Amino acid sequence: MAACVAALCIGGSAGATGEWGPLAPPNPYLGPIGTATMHGDAGSSDATPLAGPGARAVSVTGYPLAAACPTLLEGSDNLVVALCTAIVGQAPVVYLIDPADSAPIGYPLAALPLAKGSLLGGVYAYLDNQDRLVVVDGNNRLLRVGHERGAAGAWRLVSTEVADLSAAIPVGDNVTGLVPDWSGNIWFATGKGVVGLVGPSGQAATVALPAGEQVANSISAAPSGRIAVATTHALYELRADASSRPEVLWRAAYPRGSARKPGQLSWGTGSTPTYFGPRTGADYLTIVDNADGQVNALVFRSGTGQSVCTQPVLANGGAGSENSPIGVGRSIVVASTYGYPYPAVPEDAGPAVPPTAPFLGGMTRVNVDDAGCHPVWENTVRSAAVPHLSTADGALYTVTRLGPANTTPVDGYAFTVVDPATGVVTASHSLPGTIVADPLQTSPLITHGGQVLQGTITGILRIG
């Protein structure tokens, strides 16, 4: 299969003919493409230009941190910055890790506790173009956390406040999503529907979305300067107006169903909006709705909000997804989380209907063209993590859950490679542990060294 590295695509020539490309151009205010955000890039494509281990045999190393680690990012220095939540006290902690380190495992290079917020507050952070973690802590302070080495050789994490957002965020609210635009503004969204930006001066400007709409996932940015936000009721695109204030361009309501589904953390879409497309890498936006019964992948044109298509997905597995779709070129891939047994959900998530369900899993690939959406394949892979697609090696990587459909604490897990062209599993390698190794539907990191780091409920697994 041909590769076109400069265009960040494979499978043919650059542009619309590449099956897995192009990705959008790199955001100049982010760290390396593929490793600077939880979903790989500013557009939340869940695709990376970095190659993973492929289908070969892998070794597995554990980093037991007594913390759940949903956010794993790698800077240009090949050091990993992990944003984790401690099991005891549930406060966030930033860890600095060398994924190539052969020293005794379980000893990060440095650690820095942050102020505690909500369950999902502070989960979505990113690395900027100086390898600093940009995050909002539980006191609503926008921070940059850098790392440096002292004269004695010891690493340390250093936090610098960019802005105090307390005046811009209502009492009891927390920042959920965070992303820079191509002009250097730092955009944020709160759980209760406040969307804002912090400009170079450090001043925040905000707009409130309609009352009752919550933001339970991260937000995404496109090279056009547009920002995508999905609430529990609708999908929005915004931009900065001439006065550098957030401006809503369009709103598209979607079917949110009659209740939260088991295996989701909010009553509405579980998607961080995904930018993708065959021309610019950000022609379209996609989310998965929360319709009763069959759920759908919804595709809109960026800039106008025009509906491109509504495609039923996950017909063979569970009809619901808490994960951001993979979006690259003309293709999207959706993974089911319906019935996944999260140990906790946000206090305001509402009851699940039904309260529990079997975790059947399943993925669907959909292609998009000028005529609409077309299903390509559907499988029964029980993905327990956010799948990532490598445009360098043409493989889709995830961790699958092993065991009966009615999940148990002794279920196992396997590092799993899927062929995105066919949906067929090409490799599966058992991972150590049971409940302590649960990935909790978090996002893996494919490193510059070709390894996969996967956060779990108790730490990090290094695979490769």
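User: What counts as a disulfide here, and how many does a search of the whole structure find?
Analyst: A disulfide is a pair of cysteine sulfur atoms within 2.5 Å. The model is predicted: local features need pLDDT of at least 70, side-chain atom pairs count only at pLDDT 80 or more, and totals for chains, interfaces and linings use all residues. Residues are numbered from 1 along each chain as its sequence is written, and side-chain values use heavy atoms, with hydrogens and water left out. Searching the whole structure gives a count of two.

User: How far apart are the sulfur atoms of Cys309 and Cys373?
Analyst: Cys309 belongs to strand β24 (residues 307-313) and Cys373 to strand β28 (residues 372-379), so their link joins parts 64 residues apart in sequence. Strands (E, at least two residues) are DSSP runs, numbered from the N terminus. Both cysteines, Cys309 and Cys373, are buried, that is, under 20% relative accessible area (1.4 Å probe, protein chains only). Their sulfur atoms form a disulfide at 1.8 Å.

User: What is the handedness of the link of Cys69 and Cys84?
Analyst: The sulfur atoms of Cys69 and Cys84 lie 2.1 Å apart in a disulfide. Cys69 is in strand β5 (residues 67-74) and Cys84 in strand β6 (residues 80-86), so the pair ties together parts 15 residues apart in sequence. With 105° about the S-S bond, this link is right-handed.

User: Which residue in β35 stands opposite Val60?
Analyst: Strand β4 (residues 60-64) pairs with strand β35 (residues 459-463) in the antiparallel sense over five bridges; pairing requires that DSSP finds at least two bridges between two strands. The residue opposite Val60 is Ile463.

Terms used. Helices (H or I, at least four residues) and strands (E, at least two) are DSSP runs, numbered from the N terminus. Buried means under 20% relative accessible area, exposed over 50%, partly exposed in between (1.4 Å probe, protein chains only).
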